[in-house]
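Please find below a colleague's note on the structure, arranged as numbered points.

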Amino acid sequence: MSPVVVTAPLTGLIVPLSEVPDPVFAQRLVGPGLAISPTPQRQTILSPIDGRLLKLKPHAFIVAEGRTAVLVHLGIDTVLLDGAASSLIAVEKQIVRAGEPIMFWDPILVEAAGLSAICPVVALDAPADAVADLAHGEVVAGAELFTWRERIYG
Amino acid sequence: MAERRVVVASAVGLHARPAALFVTAVTKIGLPVTLTRRDGRTADARSILAVVTLDVKCGDEVLLCAHGDDAEAALDRLAELLTHG
């Protein structure tokens, strides 16, 4: 397969998954990738790859193309907010392009609720070495975040 | 073939975090395991994507199936994990 470029769903500061305050993400049990500490302003959240919006919740979504599936989790334990920080734009099962708006999301509301607004962006069902060219520092929504080199499964 | 019917306890259903823990446990066991909903939809329990896409909610009954020498003991462990959220 040709490598898939995963782009940033939001604007902020890139941090390693190991700094996510949730051991399941920090230990990469969900998959390899990066996290973004969001710039504290209401943001338009973008699709990280071309594909189908397989799952869409106010606190997380998955875009998948074949076996390449990327999970974006908007903050930690944010399922508890019951959608209060989000306003959906796209609909579940919709075909989206990388960079297409998925929802509006406000990290300020997440932090005001006492939760971490850090956003893991991970490759599902991927071995750790499938992710390469990881970006560093500040990232703007839509810019390259990392490359998924292989679709390995099973 | 070993089978277990269990009711999923995780308050948010089998979504990112509980699904990752479950799939990690399945992968450690090293046997092919399937997860089937009451409506018959089934997923490879070694794939987070497949498990999350199955959209299992808290309180849903699911069927775990495995083949192999240690399948009975393996499903006991997995059933324990699912029923304790």
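1. Surroundings of B:Thr36. B:Thr36 touches B:Arg41, B:Thr42, B:Glu61, B:Val62 and B:Leu63, leaving aside residues up to four places away in sequence; contact here means heavy atoms within 4.5 Å. The side chains of B:Thr36 and B:Thr42 are joined by a polar contact of 2.7 Å. A polar contact is a pair of N or O atoms within 3.5 Å; within protein, one must be able to donate a hydrogen and the other to accept it, and residues adjacent in sequence count only if both atoms are side-chain atoms. B:Thr36 belongs to strand S2 (residues 33-37) of chain B and is buried, with a relative accessible area of 16%. Buried means under 20% relative accessible area, exposed over 50%, and partly exposed in between (1.4 Å probe, protein chains only). Helices (H or I, at least four residues) and strands (E, at least two) are DSSP runs, numbered from the N terminus.

2. Basis of the model. This is a predicted model, in which local features need pLDDT of at least 70 and side-chain atom pairs count only at pLDDT 80 or more, while totals for chains, interfaces and linings use all residues. Residues are numbered from 1 along each chain as its sequence is written, chains are lettered from A and ligands numbered from 1 in the order in which they are written, and side-chain values use heavy atoms, with hydrogens and water left out.

3. The interface. The contact takes 18 residues from chain A and 16 residues from chain B. Between them the two chains bury about 1400 Å², 67% of it on carbon and sulfur atoms; buried area is the accessible area (1.4 Å probe) that two parts lose on being put together, summed over both. In chain B, the residues that lose the most area to chain A are B:Arg17, B:Ile48 and B:Leu49, together 41% of what that side buries. Across the interface there are six residue pairs in polar contact, both residues being at pLDDT 80 or more. Helix H1 (16-29) and helix H2 (48-53) of chain B are the elements that give two or more residues to the side touching chain A.

4. Salt bridges between chains. Over all chains the structure holds eleven salt bridges, and three are counted between chain B and chain A. A salt bridge is a side-chain nitrogen of Lys or Arg within 4 Å of a carboxyl oxygen of Asp or Glu. In the salt bridge of A:Asp22 with B:Arg17, the closest N and O atoms are 2.7 Å apart. A:Asp22 is buried, with a relative accessible area of 2%, whereas B:Arg17 is partly exposed at 30%.

5. Salt bridges within a chain. A:Asp50 and A:Arg97 meet through their side chains in a salt bridge (3.3 Å, N to O). A:Asp50 lies in the loop between strand S4 (43-46) and S5 of chain A and A:Arg97 in the loop between strand S9 (95-96) and strand S10 (101-105), so the pair ties together parts that are 47 residues apart in sequence. A:Arg97 counts as exposed at 54% relative accessibility, and A:Asp50 is partly exposed at 33%. In chain B, the side chains of B:Arg46 and B:Asp44 form a salt bridge (3.1 Å, N to O). Salt bridges that share partners also join A:Asp22, A:Asp77 and B:Arg17 into one network.

6. Which residues does strand S6 of chain A span, and how many of them are buried? Strand S6 covers residues 60-65, and five of its six residues are buried. Strand S5 (residues 51-57) pairs with S6 in the antiparallel sense over five bridges, and S6 pairs with strand S7 (residues 68-73) in the antiparallel sense over six bridges; two strands pair if DSSP finds at least two bridges between them. A:Phe61 stands opposite A:Leu56 and also opposite A:Val72 in S7.

7. Backbone angles. Most residues other than glycine have a negative phi. A:Asp77 has a positive phi of about 65° although it is not a glycine, and A:Asp125 likewise has a positive phi, of about 60°. A:Asp77 is found in the loop between S7 and strand S8 (86-88) of chain A.
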